[in-house]
Every structure is written in C-alpha cells, then in structure tokens.
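Me: I would like to go through this structure term by term. For each label, please give the cut-off behind it and then the value.

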Amino acid sequence: MVTKRVLAGLPEDADLRRADSLAREIFSDVANKWALLIIEALGEGTLRFSELRDEVEGVSHKMLTQNLRMLERNGLVERTVHPTVPPRVEYTLTAPGRALRIAVDAICGWTHEHLGHIERARERFGGR
C-alpha cells in the first residue's frame, strides 16, 4: 500500500486509503477481472468489439460494453467510430492505458509463476 511519506504533498484525491478519493475510484474501476483482461487483449493492438469478445473468453456483451465505457471514461481506451455502413467501431489503448498494461503484464506473469503453488494450497482446502 502507498505510505503516508510517499503521499506527502499530493492532493487528497491521490490517497487510495481514503474512501472518497478519486484514486480509489479509479483503482476500483480497473482492478476487476474484465478490465484487466480487456487491457491485456488491447495491448496487442486495435480491436473491434467482436474481436475483443472473442479474445476475452467468457465476457458477456453487457460486461464488455460496461467495461469498455468505463475504460474510455477513465482515458485508458480510445473508441474510434468509422463512418461506414454498418459503422465500424475500434478500440485501442491510450498512452496511460499502455502504461497500465505493463502492470497488468506483471500481474499475469506473477499468476503464471505462482499458479502451481496456489493450486497446491487450494487442494489443501478441498479443491478450487
């Protein structure tokens, strides 16, 4: 967690410990499984909605739409509508989104590295 010393001089909105901070709201938005998986998928390049749905297995149309809107609202994803019939809509990561993907990649790497350990721990508790 972020220490008080690191936060000295920063606005209250930057403090994740404060329930009313913008930082906590953003953290809550992006720290969900669908957002992380969408960011990871878009790290490979620009994708259309249907391509994203195919990449993020198990995500519903509704959850993909909600998370894309949230990521766009937070400035992490850019939505481009091409004036064709039917309209072609593409999604790509912005510069802050690409920077966040570095952290997402680290989380994915951590998961792969420790998966065996976690599976063994879960077995001791009766399975998954």
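Me: How many helices and strands does the protein have, and what makes a run of residues count as one or the other?

Reply: The protein has 6 helices and 3 strands. Read from the N terminus, the order is α-α-α-β-α-α-β-β-α. The model is a predicted one, in which local features need pLDDT of at least 70 and side-chain atom pairs pLDDT 80 or more, while totals for chains, interfaces and linings use all residues. Residues are numbered from 1 along each chain as its sequence is written, and side-chain values use heavy atoms, with hydrogens and water left out.

Me: Why is Asp29 called buried?

Reply: Buried means under 20% relative accessible area, exposed over 50%, and partly exposed in between, with a 1.4 Å probe and protein chains only. Asp29 has 15% relative accessibility, so Asp29 counts as buried. Asp29 lies in helix α2, residues 22-30. Beyond neighbours within four places in sequence, Asp29 is in contact (heavy atoms within 4.5 Å) with Ala35, Met70, Arg73 and Asn74.

Me: Why does Val104 count as buried?

Reply: Val104 is at 3% relative accessibility and therefore counts as buried. Val104 sits in helix α6, residues 95-124. Apart from neighbours within four places in sequence, Val104 contacts Leu36, Ile39 and Glu40. Across the whole protein, buried residues make up 27% of the 128.

Me: What makes a group of residues a nonpolar core, and which members of the largest one touch the most other members?

Reply: A nonpolar core is a set of buried Ala, Val, Leu, Ile, Met, Phe, Trp, Tyr and Cys residues joined through side-chain atoms within 4.5 Å. The largest has 22 residues, and Ile38, Leu42, Leu52, Leu68, Leu71 and Tyr91 touch the most other members. Two or more residues each come from α3 (33-42), α4 (49-55), α5 (61-73) and β3 (88-93). Helix α3 gives the largest share, 6 residues. Leu52 touches Ile38, Ala41, Leu42, Leu47, Leu64, Leu68 and Tyr91, leaving out residues up to four places away in sequence. In soluble globular proteins, nonpolar side chains tend to be buried together.

Me: Where is Pro86, and what is the omega of the peptide bond from Val85 to Pro86?

Reply: Pro86 is in the loop between β2 (77-82) and β3. The bond from Val85 to Pro86 has omega near -5 degrees and is cis.

Conventions: Helices (H or I, at least four residues) and strands (E, at least two) are DSSP runs, numbered from the N terminus.
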